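Please look over the sequence and the 3D structure shown here before reading on.

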Amino acid sequence: MNTTKYAGRVLYAVGRLTPRSAWNLAHNTLEKLGQPVRPRSFPSTVDVVITKHCNLRCIFCKNYETEGSSNMTPELFNAIAACVLPAARRLNICSGGEPFLHPHLLGMLRTARRYRVYTWLLSNGMIYKEESMRAIVRERLVAEMGYSLDGMRPQTVAAIRRNANMEKVLHTIGRCIALKNVMGRTAPRITIRYTLMRSTIEELPEAIEYWGSRNHPIRLECNYLSLCNEIDRKESLFFHEELTNRVLADARQRSLRHPQLFLKLPPAIRRHLIAPVKNRACFAPWDFAWFDSDGRVFPCYPCMGAVAMGKIEPGSKPGDFKRLWHSKSYAQLRSTVNNDTVEKFFPYCSHCPVRLGVEAVDSHLGDQVLIEQVAADENERKKLVSSRSRG
């Protein structure tokens, strides 16, 4: 890792802290060590699903159902913001659907800016609205702009992100960079999300050369595929250890030739380990909250809508979230998530990638393992499978 690049990103994020969010972050850090069941601090990272609408049908999309609520209303977003953003360090708008399909996106971003959070927005890049992007850059509404692009060959991208056009996505990213240059802005920072799977792993060197030669600071963030939607197991790189580790090693070397490229790679896959790695600690119940478009609160990304801790409504006050955050359900989750000697509040916690690491096969099987853990019978399993696939 390039230390200078990393230090720059840390300072950029810290510069957006308010006295309250700095206090919360400090206490949050300490409480993750002690792990109280009813912490004094609040989530330092918040994810808000503003829409479930999407113009693509990606093969690995885990699109759990949200009945009767495709778009979050501005009133609900304002209530969530008032409840959690004063103490939060970071706001993610990267789950659910395509944010540029929401008619009130700019208004929501302006609301978030008033709380001085580090806002991360993820798009598939297929919808380009010049005026919206100009406003985002001019008003500094987004700290980091992410684009999902898996692969560097048009046929690969089209096969994975169905309905996507690689040239259009590249144009969208290019326009964002151009607007930053014209307006003399450093924000939003540009991140490319790249899902590593058998179909895309060998195009990673091409991606590094392409993004590294853009003469612009770019973060290339790579993550392993989590299987779902009946994707062939052979697409998981867990079953291609030698190829994967060879390409990742090559990628690290190539990135050194591009000083403006920040490359984030997952750990190497080591199926040959004789002894399993001890379960890692999960801190999501202390430092994270995920709000669905209908106001339901989920405790982590891996649960993907399978367990809700409560709900925030339009008009809710900070005290309403505090009661939810200190509820019996949250207390039970916190007391069991990292304790492997007791029955888990959420059974999947024993099989979650966050706790197992990439060395375990369950970390790569995604929905297959989740549904086995949370569905009581075959009918319930079938319902979960059918409700979670966008395709």
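The report below covers the sheet, the helices on it, the nonpolar core and the aromatic rings of this predicted model.

## The sheet

Ten strands make up an open sheet of mixed pairing: the 10 strands follow the order β9-β8-β7-β5-β4-β3-β1-β10-β11-β12. Its edges are β9 (261–264) and β12 (310–311), each of which pairs on one side only.

## The nonpolar core

The largest nonpolar core holds 111 residues. Which of them touch the most other members? They are L204, W211, L220, F291 and F321.

For W211, neighbours within four places in sequence are left aside here. Beyond those, W211 is in contact with L149, M152, L170, I173, I192, I218, L220 and L261.

## Aromatic pairs

A pair of aromatic rings is described by the distance of the centres and the angle of the planes. The model has 12 aromatic pairs. One of them joins Y64 and F298, edge-to-face, at 5.7 Å centre to centre and with 90° between the planes. Y64 lies in the loop between β2 (57–58) and α3 (74–84), while F298 belongs to strand β11 (residues 296–298), so that the pair links parts of the chain 234 residues apart. Both Y64 and F298 are buried.

F288 and Y301 have ring centres 4.8 Å apart and planes at 50°, so this pair is tilted. F288 is in strand β10 (residues 288–291) and Y301 in the loop between β11 and β12, 13 residues apart. Are these two residues buried, exposed or partly exposed? F288 has a relative accessible area of 6% and is therefore buried, whereas Y301, at 31% relative accessibility, counts as partly exposed.

F42, F291, F321, W325 and Y330 form one aromatic cluster. Two of its members, F291 and F321, were named above for their contacts in the core.

Charged groups also sit over rings. The charged end of K52 is over the ring of Y64, 3.9 Å from the ring centre. Over the ring of Y210 sits the charged end of R214, 4.1 Å from the centre.

Technical notes: Residues numbered from 1 in each chain as written. Predicted model: local features only at pLDDT ≥ 70, side-chain atom pairs only at ≥ 80, totals over all residues. Heavy atoms only, no water. Pairing = 2+ DSSP bridges. Helix = DSSP H or I, 4+ residues; strand = E, 2+ residues; numbered from the N terminus. Core = buried A, V, L, I, M, F, W, Y, C linked by side-chain atoms within 4.5 Å. Buried < 20%, exposed > 50% of the residue type's maximum accessible area, 1.4 Å probe, protein only. Contact = heavy atoms within 4.5 Å. Phe/Tyr/Trp six-rings, centres within 6.5 Å; stacked < 30°, edge-to-face > 60°. Lys NZ or Arg CZ within 6 Å of the ring centre and 35° of its normal.
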